[in-house]
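Please read this report with the sequence and the 3D structure side by side.

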Amino acid sequence: MAVAHIVFFLFFIGFAVFAFVVASRKAEERNNLWRAIAEERGGEFCSNGIPGFSHSPTIEVACQDTIVRLGTVKKRRGDRRETYTEAHAPLLVPSRLRFDVYPENLFSSIGKAFGGQDISLDDEAFDHAFI
């Protein structure tokens with residue numbers, strides 16, 4: 001009986017090592033891709049976490065007067081996990097900037113004719129109902 005436990009334990013350890021090696025290689029391939037993108041754009045590649053586990057590489061690129069940071073985030077959609085690429089950049093907003101959302105009507109249409117701005121959010125129902 002003890003031999004069966006030892007064999008199972010060795011099999012389990014072997015499988016864990018194999019999984020770690022595969023995850024590390026996959027992370028290294030991803031890092032190489034992100035490094036190439038960073039070099040192509042004149043940016044800096046940043047690697048965070050333990051490869052294959054909490055690994056989340058980012059790229060920082062100088063763009064005019066600010067630094068743009070690209071990275072990925074994983075989100076759950078029901079029973080699936082999807083990976084998205086995010087871009088973050090600090091934005092200095094002038095103190096006179098105003099952002100209002102209100103139902104579109106005759107007066108808002110006149111306001112658009114005189115320079116008011118209507119921003120599309122790619123949601124047809126929302127874009128039609130609000131300005």
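## Confidence in the model

The protein has a mean pLDDT of 81, and 92% of its residues reach 70 or more, where pLDDT is the predictor's confidence in each residue, on a scale from 0 to 100. Confidence is highest in strand E1 (residues 44–46), at a mean of 88, and lowest in helix H2 (residues 106–113), at 79. Helices (H or I, at least four residues) and strands (E, at least two) are DSSP runs that are numbered from the N terminus. Where pLDDT is low, the predicted coordinates should not be read in detail.

This is a predicted model, in which local features need pLDDT of at least 70 and side-chain atom pairs count only at pLDDT 80 or more, while totals for chains, interfaces and linings use all residues. Residues are numbered from 1 along each chain as its sequence is written, and side-chain values use heavy atoms, with hydrogens and water left out.

## Salt bridges

A salt bridge is taken to be a side-chain nitrogen of Lys or Arg within 4 Å of a carboxyl oxygen of Asp or Glu, and by this rule the count comes to 5 salt bridges. One of them joins Arg35 to Glu28, with the closest N and O atoms 3.8 Å apart. Arg35 is partly exposed at 31% relative accessibility, and Glu28 is also partly exposed, with a relative accessible area of 37%. Here buried means under 20% relative accessible area, exposed means over 50%, and partly exposed lies in between (1.4 Å probe, protein chains only).

Arg41 and Glu40 also meet through their side chains in a salt bridge, at 3.9 Å from N to O; Arg41 counts as exposed at 57% relative accessibility, and Glu40 counts as exposed at 62%. Arg77 is partly exposed, with a relative accessible area of 45%, and Glu82 is partly exposed at 22%.

## A patch of positive charge

Which residues gather in a patch of positive charge on the surface? They are Lys26, Lys74, Arg76 and Arg81. Such patches are made of residues with over 30% relative accessible area and no salt bridge, like charges being joined within 9 Å and nonpolar side chains (Val, Leu, Ile, Met, Phe, Trp, Tyr) within 5 Å. Lys74 lies in strand E3 (residues 66–77) and is partly exposed, with a relative accessible area of 46%.

Note on methods: Areas by Shrake-Rupley, 256 points an atom, 1.4 Å probe, with all protein chains shown as cover. Lys, Arg positive; Asp, Glu negative; His and termini not counted. Charge placed at Lys NZ, Arg CZ, Asp CG, Glu CD.
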